[in-house]
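Subject: Structure handover

Hello,

Here is the structure for you to look over. My notes follow below it.

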Amino acid sequence: MARTVVDLANERKKCDFDVEELTNYIDGDAISTHKRRQLENKVLSVKELFDDVPEEYLSHKEKYENAIRKSVLMYKVLEEIKDPNETEMQNARTFFRSLLPFAIFKDNSPFSLHYSMFVPAIIAQANDEQKKYWLKRAMNTEIIGTYAQTELGHGTFIRGLETTATYDVETEEFVLHSPTLTAYKWWPGSLAHTANYCVVMAQLNIKGKNYGIQPFMVQLRDENTHMPLSGIKLGEIGAKLGFNTVNNGFLGFDQHRIPRDRMLMKNAQVSKDGVFTRKTDSKLTYGTMVYVRVMIVNSMANHLARSVTIAVRYSAVRKQSQINTDQPEVQVMDFLTQQHKLFVAIASSHAIRITAAWLWDKYEKVTKDMEAGKSDGLPELHALACCLKAVSSADASDMVITCSRACGGHGYILSSNLPQIYGLIAAACIYEGENTVLLLQTARSLVKAWEQNARGEKLSSTVSYIADTHPFGKWENSVEGIIKGFERVAACKLSAAVSTRNQYLKSGLSPEESWNMTSVQLVAVSEAHCRALILSTYKAEVDRKAQHLSDPLKRVMYQLVELYATYWSLQKLGDLLLYTSMSESDVQQLRQNYESLLLKIRPNAVGLVDGFDFRDEILNSTLGAYDGRVYERLMEEALKSPLNAEPVNRSFHQYLKPFMQGKL
């Protein structure tokens with residue numbers, strides 16, 4: 001038996017809690033774990049879904065074509081086992097913990113936008129009659145769709161979109177047009193060659209008057225030949241850092257006409273004679289974006305969990321250097337610096353996952369309220385989704401890079417899968433709203449809350465700390481004390497930013513200029529608010545469920561909560577020293593607590609990542625497989641390189657030999 005296999009087995013013997021209990025806790029309960037495993041067993045038993053030649057050795061075109069083949073196969077299997085009694089929202093929640101697509105596609109599926117944005121857009125934007133027609137066709141994959149909002153020249157600034165939809169009263173049609181190159185839709189997955197329908201966001205114009213951004217169902221390609229329709233120009237945007245099998249595309253319109261009933265009319269309508277009526281708040285049009293941002297937060301937790309599983313298992317079998325010179329080489333995970341790199345990633349995955357589940361519950365409540373005609377919860381949900389998407393993707397991006405570096409040179413090899421996971425997470429920092437822009441949107445909500453508090457109005461629970469004007473009191477190095485400290489930091493930063501903005505206003509700057517001049521502070525305010533929110537939610541949700549856990553698992557979960565809180569306290573010492581009563585001795589104690597927590601978690605490290613319960617196929621990594629055969633797998637994957645098919649490459653005789661003999 002290989003030494004690495006023995007090392008990993010020994011690590012599992014050190015674990016002092018029930019790993020299966022942890023898996024059930026992460027999934028929600030034992031039934032959910034069983035259901036997820038059944039789903040994975042069914043899909044991953046289909047041998048045709050796996051490649052003999054690793055996809056990194058295929059051409060760009062071959063990767064796409066192979067991804068389409070596998071997407072069709074995967075869809076057929078999923079349809080066979082789909083629960084017909086589940087709603088689409090319930091189905092989405094079922095997949096909260098499933099990363100099945102990443103067992104089959106390292107760069108995701110070209111069908112991904114069909115399910116993640118096209119279907120949700122129909123649900124959120126179509127009226128009952130439209131939904132009855134379009135949702136059935138979409139769910140039966142009679143059509144494949146995508147969602148086109150971002151343009152070549154505009155992304156997060158939705159009001160700046162240039163694509164127009166002009167209503168022609170005479171023909172009862174909308175005329176879609178891209179007036180400039182920058183008006184071309186750019187980035188939507190599935191758009192280039194996969195989708196034949198698309199929900200397009202465009203500026204609605206009627207009789208010379210603009211009515212803002214509205215959603216339109218647009219057929220892109222003939223349903224039989226798949227050729228682009230007249231007045232539509234489609235193509236792929238090219239190779240990227242990641243998502244290269246998602247088929248991201250561009251879309252341009254040249255006076256393309258669609259019937260009046262192709263405007264999705266749940267939230268606004270245009271009558272035959274061109275009368276525009278808005279049924280509900282115009283912000284409801286952006287509901288699909290909020291949904292997607294909620295899902296992104298959850299996906300960041302999952303991808304981070306995958307990365308740290310790979311890095312921890314590798315660190316348990318990799319031996320490098322000595323701690324004591326008279327002792328043998330040790331597992332790299334025995335070095336405190338390695339524990340510092342990795343254990344906070346375990347804790348962060350739990351923190352983000354728990355916060356994502358909490359955010360999903362809020363999303364479902366607001367969605368139900370909106371269906372009942374109440375939209376007052378949408379602004380808070382929007383602000384929460386914005387900052388949580390920004391902070392979770394930024395943290396996950398940083399920590400995945402750290403996981404990769406913690407694996408040394410082997411973490412740089414594509415077969416480790418860490419570079420591909422980084423490509424997926426790095427994209428999340430910019431798609432569906434660039435992070436800085438999203439943090440500024442949250443900041444607007446926070447400034448409004450500050451102004452509401454100044455008028456004596458009641459604040460929502462997520463910003464209620466703003467109203468606490470009591471002296472901070474003595475610093476406490478407990479999780480509760482740290483949460484209190486982060487809330488005070490957020491409140492003080494908000495106060496300072498509002499004061500700065502007001503000074504700029506008094507100096508004669510416009511509100512817009514004053515906001516821009518204060519924007520660096522406002523981004524910091526939003527991040528501080530989000531840190532406090534994640535900390536408090538993480539602690540509260542673990543408290544709420546702790547009574548159902550065994551004592552050993554409960555202890556480890558609280559260690560992770562404390563580690564997470566202590567880590568971020570040490571990362572944000574400047575803020576805490578500035579705005580709270582933290583002292584030098586408090587800092588020294590925090591550092592000691594942090595190092596002590598690393599040592600306490602160390603024996604359970606492998607058990608903690610085993611608890612994520614990722615199958616080897618889903619990890620898709622030579623470094624992170626359950627059995628620990630790291631070096632054998634690295635060599636097996638290396639031998640799959642097409643260059644290893646022959647001992648002498650033809651380039652030797654064509655170029656290298658003449659070059660070395662001076663005959664080239």
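Strands here are DSSP runs of at least two residues, numbered from the N terminus. On that basis, Thr150 sits in the loop between strand E1 (145-148) and strand E2 (164-168). Bear in mind that this is a predicted model.

Why start with Thr150? The unreviewed UniProt entry annotates Thr150 and Gly189 as "binding site". The two are spread over 40 residues of sequence, yet they cluster in space, with a largest C-alpha distance of 11.2 Å.

Thr150 first. Its relative accessible area is 27%, so it counts as partly exposed. The cut-offs for that class are 20% and 50%. Leaving aside neighbours within four places in sequence, Thr150 contacts Gly155, Tyr184, Lys185, Trp186 and Trp187.

Now Gly189. Where does Gly189 lie? It is in the loop between strand E4 (185-186) and strand E5 (197-206). Is Gly189 buried or exposed? Gly189 is buried, because its relative accessible area is 3% and buried means under 20%. With neighbours within four places again left out, Gly189 is in contact with Leu113, Thr146, Val246, Asn247 and Asn248.

Best wishes

Key: Residues are numbered from 1 along each chain as its sequence is written. This is a predicted model: local features need pLDDT of at least 70, side-chain atom pairs count only at pLDDT 80 or more; totals for chains, interfaces and linings use all residues. Side-chain values use heavy atoms; hydrogens and water are left out. UniProt positions are given in the numbering used here, feature names are shortened, and annotations may be inferred rather than shown by experiment. Helices (H or I, at least four residues) and strands (E, at least two) are DSSP runs, numbered from the N terminus. Buried means under 20% relative accessible area, exposed over 50%, partly exposed in between (1.4 Å probe, protein chains only). Contact means heavy atoms within 4.5 Å.
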